[in-house]
Amino acid sequence: MKADIVFGGLHDGEYPGAFPPKVEKIILKLIGSDTPVLHLFSGSSEIGDVRVDTNPESKATHTANVFDFLKFPVAKREWKWVIGDPDYCDEQSKRLGRKGQFNSGKVFADWRDERKLSAFMDSYARNIIWLDRRMPGFSQNFERKKVWLIFQGGWRNVRVLQWLSKTMLPLSDYDQLKEPRP
Ligand SMILES: C[S@@+](CC[C@H](N)C(=O)[O-])C[C@H]1O[C@@H](n2cnc3c(N)ncnc32)[C@H](O)[C@@H]1O
């Protein structure tokens, strides 16, 4: 696994909490022209073919709770990349003065939601890009390919961007492979 450290020049994006431009650049370079890309908790970002956020003022293609969206038929397909950048907690979104009403306090406090996300990734994601330290436990089918430590300076938290890639097929895929060929 590789690790890079990114220093300085990390002015906030469109609002505090949005992808800083350098992070956006790293993500865009990683995904290249790959498609389809699913972006969960997408906020003001326009990265991704399908973007999901509860905030009607966001640039999401689907205004929905991520955990509901994961059950929609449109979600259940193979995604080359799934990007996730949830809030740490309600306090953070309040403190940052984000527009709109959010209630993400339970995002990862609730292990059932964490499991839902983990199971979804196992079935449908080839690669995951996750920003920040609160990341659900993903299965052993994923290998951590690279980590970026993002130093924003001053008293700000160091942010962590991670890239995980599926190295093992989930069991359901093996079952399909066992089907006799015509
Ligand atoms: C840290 S911000 C994402 C910032 C994004 N990377 C950008 O560049 O704008 C987290 C986003 O998650 C959204 N959010 C929080 N809980 C959610 C949920 N359960 N379902 C969907 N979106 C949620 C918030 O509305 C917020 O826009």
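In β7, Trp 148 is the bridge partner of Asp 4. This pair belongs to the contact between strand β1 (residues 2-7) and strand β7 (residues 142-151), which run parallel and are joined by 6 bridges. The model is a predicted one, in which local features need pLDDT of at least 70, side-chain atom pairs count only at pLDDT 80 or more, and totals for chains, interfaces and linings use all residues. Residues are numbered from 1 along each chain as its sequence is written.

**Overall make-up and confidence**

- The chain has 5 helices and 8 strands; helices (H or I, at least four residues) and strands (E, at least two) are DSSP runs, numbered from the N terminus.
- Along the sequence the pattern reads β-α-β-β-β-α-β-α-α-β-β-β-α.
- The mean pLDDT of the chain is 82, and 73% of its residues reach 70 or more; pLDDT is the predictor's confidence in each residue, from 0 to 100.
- Over residues 97-106 the pLDDT is below 50, and this stretch has 20 contacts in the model beyond near neighbours in sequence. Two residues are in contact if their C-beta atoms, placed from the backbone, lie within 7 Å.
- Of the contacts in the chain between residues at least 6 apart in sequence, 51% join residues at least 24 apart.

**The sheet**

- The 8 strands form an open sheet with mixed pairing, in the order β1-β7-β8-β6-β5-β2-β3-β4; two strands pair if DSSP finds at least two bridges between them.
- Strands β1 and β4 (62-63) stand at the edges with a single partner strand each, so one side of each has no neighbour in the sheet.

**The nonpolar core**

- Of the 182 residues of the chain, 27% count as buried. A residue is buried if 20 or more other C-beta atoms lie within 10 Å of its own, exposed if 12 or fewer, and partly exposed in between, with C-beta atoms placed from the backbone.
- The largest nonpolar core has 31 residues, and those with the most contacts inside it are Val 23, Leu 40, Val 82, Met 121, Ile 128 and Ile 129. Such a core is a set of buried Ala, Val, Leu, Ile, Met, Phe, Trp, Tyr and Cys residues joined through C-beta atoms within 7 Å.
- Strand β6 gives the most to this core, with 5 residues.
- Leaving aside neighbours within four places in sequence, Val 82 is in contact with Leu 38, Leu 40, Met 121, Ala 125 and Ile 128.

**Backbone features in loops**

- Most residues other than glycine have a negative phi, and most peptide bonds are trans.
- Thr 35 and Pro 36 are joined by a cis peptide bond, with omega about 0°; Pro 36 is found in the loop between α1 (21-31) and β2 (37-40).
- Phe 41, in the loop between β2 and β3 (50-53), has a positive phi near 60°.
- Phe 41 counts as buried because it has 22 C-beta neighbours inside 10 Å.

- Thr 63 has its place in strand β4 and is partly exposed, with 14 other C-beta atoms within 10 Å.
- Not counting residues up to four places away in sequence, Thr 63 touches Asp 53, Thr 54 and Pro 56.
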